[in-house]
Amino acid sequence: DTERDSATLETGKPGIPEFFHAPLAQPFTPARYREYINAAAGEGAEVIIIDSLSHAWAGSGGVLDMHDLATKAQRSGNSWAAWREVTPEHNALVDAILQCPCHIICTMRTKTVWEVVEGANGKKAPQKIGLKPEQREGMEYEFTVVLDLSLESHIATASKDRTSLFDGRHFVPTVDTGKELRDWLESGQDPEEISKGLLASLKAEASGIEQVFYLDDWGRQHRADFDRLQPDHRKELVGFCADLRQQILKAA
């Protein structure tokens, strides 16, 4: 709990079981997160909730602070070179989460993303285009399910869902949401086999496309399916589509 013991406010609420509370104060270094994860796993925890993972990136002592210090320590002040020092720390935290034998739930703060666009009057102005997690780019893709929560009503929408439980749904998470996930996890379905079958299906479907325009459109329509694939299968499908694209261009 990096949120000033806020997790203790949930104690005793309906549907909330007893849990071990581990407060984490600054510095929020990736190494300290790993220490807590490994300690919890070593004590036999079944589920670990990290609230919040954003501090490991943007909190005091997090990766961004480490990068600033590494940049200042270099004579050239080369910020790009400084990433070579701190990126392994971030990657080690990701690996600790992925390799942990426990189920892990992470919360991440979000920030508003703006983009300068040209309006109908020809003038450029900033425009809100959505919310972005306060973590390194692409961090959300490491998870099996990612739910975005609206600020006012706490309505959840799945931006990534390899379980297919929440596709197209808008809902307020409850205890039943956890039960759905638990039932899916205990259903005996092998994610590797499911991903392999989906990969074969997508390859067969893409093979019948004969124009680059339709291939690109097909890729956009199946973006959610790409996210449901295991990382190796997703990489294989991307390479397959790239090769198919070249074949189509040569034939044309």
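Select arginine 136 and tryptophan 83. Arginine 136 lies over the face of tryptophan 83, 5.0 Å from the ring centre. A charge sits over a ring if NZ of Lys or CZ of Arg is within 6 Å of the ring centre and within 35 degrees of the ring normal. Before going on, note that this is a predicted model: local features need pLDDT of at least 70, side-chain atom pairs count only at pLDDT 80 or more, and totals for chains, interfaces and linings use all residues. Residues are numbered from 1 along each chain as its sequence is written, and side-chain values use heavy atoms, with hydrogens and water left out.

Next, select arginine 169 and phenylalanine 171. Arginine 169 lies over the face of phenylalanine 171, at 4.9 Å from the ring centre.

How are the two rings arranged, stacked or edge-to-face? They are stacked, 5.4 Å centre to centre with 25° between the planes. Rings of Phe, Tyr and Trp (its six-membered ring) pair if their centres lie within 6.5 Å; planes under 30 degrees apart count as stacked, over 60 as edge-to-face and the rest as tilted. Phenylalanine 166 is buried, at 0% relative accessible area. Phenylalanine 171 is buried too, at 11%. Buried means under 20% relative accessible area, exposed over 50%, and partly exposed in between (1.4 Å probe, protein chains only).

Now go to phenylalanine 213 and tyrosine 214. Their ring centres are 5.4 Å apart and their planes stand at 75°, so this pair is edge-to-face. Phenylalanine 213 is exposed, at 56% relative accessibility. Tyrosine 214 is partly exposed, at 48%. By the ring rule, the count is four aromatic pairs.

Colour strand E1 (residues 47-50) and strand E2. Helices (H or I, at least four residues) and strands (E, at least two) are DSSP runs, numbered from the N terminus. E1 and E2 pair in the parallel sense over four bridges. Two strands pair if DSSP finds at least two bridges between them. Find isoleucine 49: it stands opposite isoleucine 105 in E2.

Show the side chains of E2 (residues 103-106).

Select Tyr33, Ile37, Ile50, Leu53, Ile97 and Ile104. Of the 18 residues in the largest nonpolar core, these touch the most other members. A nonpolar core is a set of buried Ala, Val, Leu, Ile, Met, Phe, Trp, Tyr and Cys residues joined through side-chain atoms within 4.5 Å. Helix H1 (30-42), E1, helix H4 (79-99) and E2 each give two or more residues to this core. H4 gives the largest share, three residues. A second, separate core has 14 residues, including Leu198, Leu202, Leu215 and Leu244.

Zoom in on isoleucine 37. Beyond its neighbours within four places in sequence, its contacts (heavy atoms within 4.5 Å) include Ile48, Leu93 and Cys100.

A disulfide is a pair of cysteine sulfur atoms within 2.5 Å, and the structure holds zero disulfides. Cysteine 100 is buried at 12%, and cysteine 102 at 9%.

Finish at proline 88, in helix H4. Proline 88 is partly exposed, at 45% relative accessible area.
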